[in-house]
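Here is a short tour of one protein chain, written to be read with the model open beside it. Take a look, then read on.

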Amino acid sequence: MFGQARALEEEGTAAERKPTVDALLADDAFLAGNEEAARRIDDQIAVLLRETGLSRRDLVRVPVPYTTLGAETDGPMGAIAYSPSIANGLSLTARDYAAPDPHGPKVGGRDLFRTAAQKALAAGGVRVHWVENFAWSHLAGGEVHCATNALRDTSGGARWWSTDPGGR
């Protein structure tokens, strides 16, 4: 129904290739790469949950499509976010999050990735502040958190280097 929407919005990106949603969904290599990325993410989530005691309810899922790297260059295989990765933003406060503008497909003038992320994060009381980082960070393989610094007041916390993680 909305398959002719661009996977990356037309304006605001310096992307050379801006296929439609239908074109990406018809690309077997793209789909296989995303399935592999999802498997690897799920494996890492399993480790995170096991080691931290968090539950799946504690996680916030946001849409991020991936593209495979290394296949054409005989380099190391891997995946990188196809569009700016909402998950790689910067927590400003407990209730404010600076997220890369995903430039996702638009339907009715609304970015579907932005809408999904705002809804998911708002459920936990978090406001999203969108940051334009396509040209200055995303195209170089990074996102907002890779190219920013944040100062934190750590004066009230325990010194991590002097605490016993085993509770002994």
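This is a predicted model: local features need pLDDT of at least 70, side-chain atom pairs count only at pLDDT 80 or more; totals for chains, interfaces and linings use all residues.

## Terms and ground rules

Residues are numbered from 1 along each chain as its sequence is written, and side-chain values use heavy atoms, with hydrogens and water left out.

## The chain as a whole

The chain has 3 helices and 7 strands, where helices (H or I, at least four residues) and strands (E, at least two) are DSSP runs numbered from the N terminus. Along the sequence, their order is α-α-β-β-β-β-β-β-α-β.

Of the 168 residues, 32% count as buried; buried means under 20% relative accessible area, exposed means over 50%, and partly exposed is in between (1.4 Å probe, protein chains only).

## Helix 2

Helix 2 covers residues 28-52 and has 25 residues. From first C-alpha to last it reaches 36 Å, close to the 36 Å expected at 1.5 Å a residue (the expected span is 1.5 Å times one less than the number of residues). At its start, a side-chain oxygen of Asp 27 comes to within 3.1 Å of the backbone nitrogen of Ala 29. Gly 53 follows the helix, with a positive phi near 85°.

Which residues of helix 2 are buried? They are Phe 30, Gly 33, Asn 34, Ala 37, Ile 45 and Leu 49. Their cover includes helix 1 (21-25), strand 1 (66-69) and strand 2 (78-81).

## The largest pocket

A pocket here is an open set of points on a 1 Å grid over the protein atoms alone, where a 1.4 Å probe fits, with protein on both sides within 12 Å along at least five of seven lines; lining residues have an atom within 4 Å of a point. The largest pocket holds about 1000 Å³ of space. Of its 42 lining residues, Ile 41, Val 64, Tyr 66, Ser 85 and Ala 87 are the closest to its centre.

Helix 2 gives the largest share of the lining, 12 residues.

## Arg 127

Arg 127 lies in strand 7 (residues 127-131) and is partly exposed, with a relative accessible area of 48%. Leaving aside neighbours within four places in sequence, Arg 127 is in contact (heavy atoms within 4.5 Å) with Arg 95, Asp 96 and Tyr 97.

Conventions: A polar contact is a pair of N or O atoms within 3.5 Å; within protein, one must be able to donate a hydrogen and the other to accept it, and residues adjacent in sequence count only if both atoms are side-chain atoms. Grid points are joined across faces, edges and corners, and a volume is the space filled by probe spheres set on the points.
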